[in-house]
Structure formats: C-alpha cells, structure tokens
Amino acid sequence: MNREMTTSFLLITFAICKLIIAVGLNVGPSELLRIGAIDFDGHLTVHSSDLASVSSDFGMLKSPEEPLAVLHPSSAEDVARLVRTAYVSAMAFPVSARGHGHSINGQAAVGRNGVVVEMNHRETRTPEPLVRAEEMYVDVWGGELWVDVLKKTLEHGLAPKSWTDYLYLSVGGTLSNAGISGQAFHHGPQISNVLELDVVTGKGEVMRCSEEENTKLFHGVLGGLGQFGIITRARISIEPAPQRVRWIRVLYSSFKMFTEDQEYLISLHGQLKFDYVEGFVIVDEGLVNNWRSSFFSRHNPVKISSVSSNGSVLYCLEITKNYHDSDSETIDQEIEILMKKLNFIPTSVFTTDLQYVDFLDRVHKAELKLRSKNLWEVPHPWLNLFVPKSRISDFDKGVFKGILGNKTSGPILIYPMNKDKWDERSSAVTPDEELFYLVALLRSALKDGEETQKLEYLKDQNRRIMEFCEQAKIDVKQYLPHHATPEEWVAHFGEKWDQFRSLKAEFDPRHILATGQRIFQNPSLSLFPPSSSSSSASW
Ligand code: FAD
C-alpha cells in the first residue's frame, strides 16, 4: 500500500469503527478492517453525503437508513472484491447494487450493516457503452442509465427495441425486474432482448452467461430481483432507430371496446401494426394524475370533459407508429387503415408528431415539471399488477369503477401483453394465461392534498385492492413485487419457487445480495418478525 492508500484505509477504518461505537452494528471490526484494506480501482466511502444519497428511494415509504459504506466501483473486479470479502466474513454482511434508486419499497437498500454498490455509471468511472453496429448489439455497464444507452446507440442510427416509459432507470435495475412498456407486446420485455451478461455472484465470482454459457444463471438473473448476482455488463440487442413517431390517443367509455381494441392491436405483428400499445384510465384531470405527459394540450381540438359523461370512467388508448422521414408520404395512409378497425369515440382523436428520442424520453419532461412544483420527491405508494385477461373486466368493475371511486392521485396505466414474448426460463413471474394486462397505479401521496391523496388513504386503498383480488379469486401477480412474509414470496413465485431457491443456494448461498427485496434472510439482519408459520420446510 502506498502512503495515499494507507491514509484512506485508516480514514475509512476509523470512520467505520466510529459507526460501530455509535450505533452498535453487528458487523465485527475484523470484517470492517478487511473492507477497508481492499485495494479498489474505484473508491469506498463513508462520507456522510454519500451515505445519505443512498439511504432512501423513489418510493419514500420508509425512513432513510444509511449503510455502513458505499462503493463506487470502476470495474466488475471491484464489485467482485467487495462481494468476496462479504462472502468470507463471519457475518456475511449484505451487499446491494443500487441502480438509480427508483424502487418503491427499499429493494435497493442494504440496512445499517451492509455496503451499497453505487452502480450508476454517472457516479462511477466504469466503461462507456460499446456499440457493435455490424453485430447489432451494444455492451453496457450494469449501472448505465437507459437514456444514456439511447444517446450512444443513436450516434450510430441504432437503438434498443424494448423500453420502459421512463429512461432514467439503470440497465441492471430494470433487467432485475423485466423492463416493460408499450413495445413489450411485440418485442417482449427488456429481459427478452438480452444476449449476454457478466454477473458477480454472491460468492464474488465474475461469471459470463448467455443462452449458450452458464444458461441457468443467465435466465435466473433476468427478472431475478438481484438475488443471484450483480449485473456488471449486459449485451443488448439493437435495431435501426426510427426518426419520428406519430403518437395518437383516443378515448372510450366502454371498457369492453377499449380492451377488445387493445387485444386486437397486440395480435398484429406484421408490417401493418402500431409499434407501441398502452392505455390508461382517466378518472379526473389534473397534473398529478396526468404527469406522464401534458398531451391533452390547449392545441387539441377536443377537451376530455366534452366526451366524459356524468363523471364516469373513461379509458384512453395510446398508440404510436414509428417512421423515417422518407416514409412520411405513406404513414398517414397506414395509420388510417389501422384506425378504421377501432371502436373509439369518433370525436376523441388526439394526435401529435415528434422525434423518436423525444417520444422515448417523454416522462422526463413530466418529471422536470413535477420537480418544479415540488411534486416529485413525495411518497409513492405504487402498486403494479399483472392481471389475467380472463378477469380484467372483473378488475375494472371492482377496482376502477369500485374501490377507486372517481378519485385517484396519479396515472393508472393499463395495457395487455403476450405471454409468448416472455421467456418462461427467466425468473420473472406472470399470470398463467396467454394474455395478461399490466395495471399500474402510479400514485403520489400529497401532505396538503385532499383526504384521498394522503399516504395512509392510498396505502389502505392498495390493501383493499389486493383483498378484493383475493376474495374475487383474481390470480394477480405483482410486478416490481413487494411481499411481507416468506409464504407470500413462495406463493408469488408459484411453480418457479423451487428453481429460484435452488439458484439462490448455488449462486448466493450466504444470502449477501439484494437483501432489500426481503426474500431470503441474511444472517446479520433480522428481516422477518418471528412467526409460527414462517419456518415452513420449503424455506
Ligand atoms: P434500483 O431501484 O436501484 O434497484 C432495483 C433492484 O435491482 C434492487 O434490488 C437492486 O439491488 C437491484 N439491482 C440494481 N442494479 C442491479 C444490477 N446491476 N445487478 C443486479 N441487481 C441490481 N419499470 C418498468 O418496467 N417500466 C416502466 O415503464 C417503468 N417506469 C418507471 C417510471 C418511474 C418514474 C419509476 C420511478 C420507476 C419506473 N419503473 C418502470 C420501475 C423500475 O423498473 C424499477 O424501479 C427498477 O427497480 C429500476 O430502477 P433502478 O435502476 O433505479 O433500480
């Protein structure tokens, strides 16, 4: 160790020892000395501003909790060095990758005994995206934000195929869930568009995996909620990027017609199809409910209120058609043919036309607007559900027209997806039907809002929705899942549970990784309160 490294080692050790004395951590001094002694290419910090910056998430539902230290890695080997140290330490202290901290329920948190790996490329000196135009893929660091992947690939006239609505999410973070948006009906979720991964397992090994190599790990990590390894590199399939997008919204008062049209549109896969199919429920207008975009602007000829009758629920189909400038002559004709088959309210067509990049990055504009009104950094009691197609109309009656009443506190997305675009070997869990819907209740809790916008009210509403589904036997699956007990996790994974548990035993036997998901118990944490039934044999 040179003098500079010795000084920083001593500083970190001193700061960590102070922490132990102050808060009585379980992690022993010998383990901390081991962390402090690691020779990282990046840097490990215990600086209060670094600890504070990773102590909460977008959900803001839990009290902030600072970790022991934060690693800003420069390479996969840095991540591996840290995880190996945790793996051999007596307490097997937790290590969690943090993408951009856009979880809702502390999934990227690590607790006071653990170390957060700050994966966000903008915060590290990790490799830049590498575009291979001839092979049609891009290699990206696991903490790269999708918006930066887009910018880099667009320099070559290329872009990934499957997206999320919001691009300030990390590649590793969305691939640990699924990564869905209106393109998923055709291209599948983002996890269906990955060719290869480099992963640091819970034993601290760097493993390359793909369809051909370490296949079990590859499929397990995709949708694996960070349980088997930290993704340090992902190879993502790309395609020629369109230049422009025609973006259309039409309204329905009949849920049946709305869903029939959505299902018809996602059955089209040839040249003549829309490229993106989503939709949302309109309960009432206002910034908080429509922050995803200010689409219904003054320039549109029709006001929503003119088609809404008696304050009833309306449904909005949202579709886009991508095109190149050279196709601008035929695009109108193609859209007209597609639209003729749909049964929306004829006077309710809202259209706009924009660059591809502006369409993909649309939610960021809304973020800036909400930030300017202090409406972004508020608690987000979001609930995301996959609902089987056979029960979506029961869900509509019970939830949209029932539990929600005419009030909400954020956008409510609803769109169908085809199960055959999801690889069953991945860890992601979807309902057991060929078609299922995402229903995303993206609510913001407002301290000074109406009663129906308060956090406790919204949390209670989520509980009532889940209770309704259980009583009505609607077999929903949570997307971005959050469960409180081991039994709920076993039920969530269903037939995939045995495989999930066996992958955990193989790749993270000491339960070091992503403990914030609260699926497996880390020896140095007590995540679940003792319960008579929680010691089930399957655990
Ligand atoms: P984090 O919250 O930092 O991490 C999430 C989990 O993944 C944690 O358990 C963490 O430990 C683990 N993790 C992070 N990085 C890695 C890695 N490199 N390797 C292994 N594990 C890792 N999702 C969609 O699918 N579609 C959407 O349209 C969509 N829109 C969103 C819009 C907004 C405004 C927000 C806040 C979220 C949205 N999401 C959407 C949800 C998003 O996919 C999840 O929040 C996801 O967790 C990604 O966020 P993140 O990169 O910040 O990950």
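1. An oxygen atom of the ligand sits 2.7 Å from a polar backbone atom of Asp165. Ile180 also uses its backbone: one of its polar atoms there is 2.8 Å from a ligand nitrogen. Gln517 uses its side chain instead, with a polar atom 2.9 Å from a ligand oxygen. The protein buries 96% of the 950 Å² that the ligand exposes when taken alone. Those areas are Shrake-Rupley values with a 1.4 Å probe; for residues, only the protein chains shown count as cover.

2. **Basis.** This is a predicted model; local features need pLDDT of at least 70 and side-chain atom pairs 80 or more, while totals for chains, interfaces and linings use all residues. Numbering runs from 1 along each chain as its sequence is written, and side-chain values use heavy atoms, without hydrogens or water.

3. **The shell around the ligand.** Which residues come nearest to the ligand? Of the 33 around it, they are Ala97, Gly99, Ser103, Asp165 and Tyr479. By class, the shell holds 13 nonpolar, 18 polar and 2 charged residues. Charged means Asp, Glu, Lys and Arg; nonpolar means Ala, Val, Leu, Ile, Met, Phe, Trp, Tyr, Cys and Pro; the others, Gly among them, are polar.

4. **Elements in the shell.** Which elements give two or more residues to the shell around the ligand? They are β3 (95–98), α6 (171–175) and β10 (229–240). Elements are DSSP runs numbered from the N terminus: helices are H or I of at least four residues, strands are E of at least two.

5. **Gly99.** Gly99 lies in the loop between β3 and β4 (115–118). Its relative accessible area is 17%, so Gly99 is buried. The cut-offs are under 20% for buried, over 50% for exposed and partly exposed in between (1.4 Å probe, protein chains only). Gly172 is 73 residues away in sequence, yet its C-alpha is 6.5 Å from that of Gly99.

6. **Asp508.** Asp508 follows α17 (497–507), in the segment after that helix. Asp508 counts as buried because its relative accessibility is 0%. The side chain of Asp508 makes a polar contact with the side chain of Lys504, at 2.6 Å.

7. **Thr430.** The loop between β16 (412–418) and β17 (435–441) holds Thr430. Is Thr430 buried or exposed? Thr430 counts as buried because its relative accessibility is 10%. Its side chain pairs with the side chain of Lys419 in a polar contact of 2.8 Å.

8. **Positive phi.** Asn214 has a positive phi, near 45°. Asn214 lies in the loop between β9 (206–210) and α8 (215–221). With a relative accessible area of 34%, Asn214 is partly exposed. Leu480 also has a positive phi, of about 55°. The place of Leu480 is the loop between β18 (477–478) and α16 (486–493). Leu480 is partly exposed because its relative accessible area is 29%.

9. **Glu155 and Lys152.** Lys152 belongs to helix α5. Glu155 is found in the loop between α5 (146–154) and β7 (158–160). Their exposure classes are as follows. Glu155 has a relative accessible area of 59%, so it is exposed. Lys152 has 24%, so it is partly exposed. Val131 is 24 residues from Glu155 along the chain, and their C-alpha atoms are separated by 9.3 Å. For Lys152 and Val138, 14 residues apart in sequence, the C-alpha distance is 9.1 Å.

10. **Asp327.** Asp327 sits in the loop between β13 (314–323) and α11 (331–340). A relative accessible area of 32% makes Asp327 partly exposed. Arg244 is 83 residues away along the chain, and the two C-alpha atoms are 9.9 Å apart.

Conventions:
Near = heavy atom within 4 Å. Polar contact = N/O pair within 3.5 Å; in protein donor to acceptor, adjacent residues only side chain to side chain.
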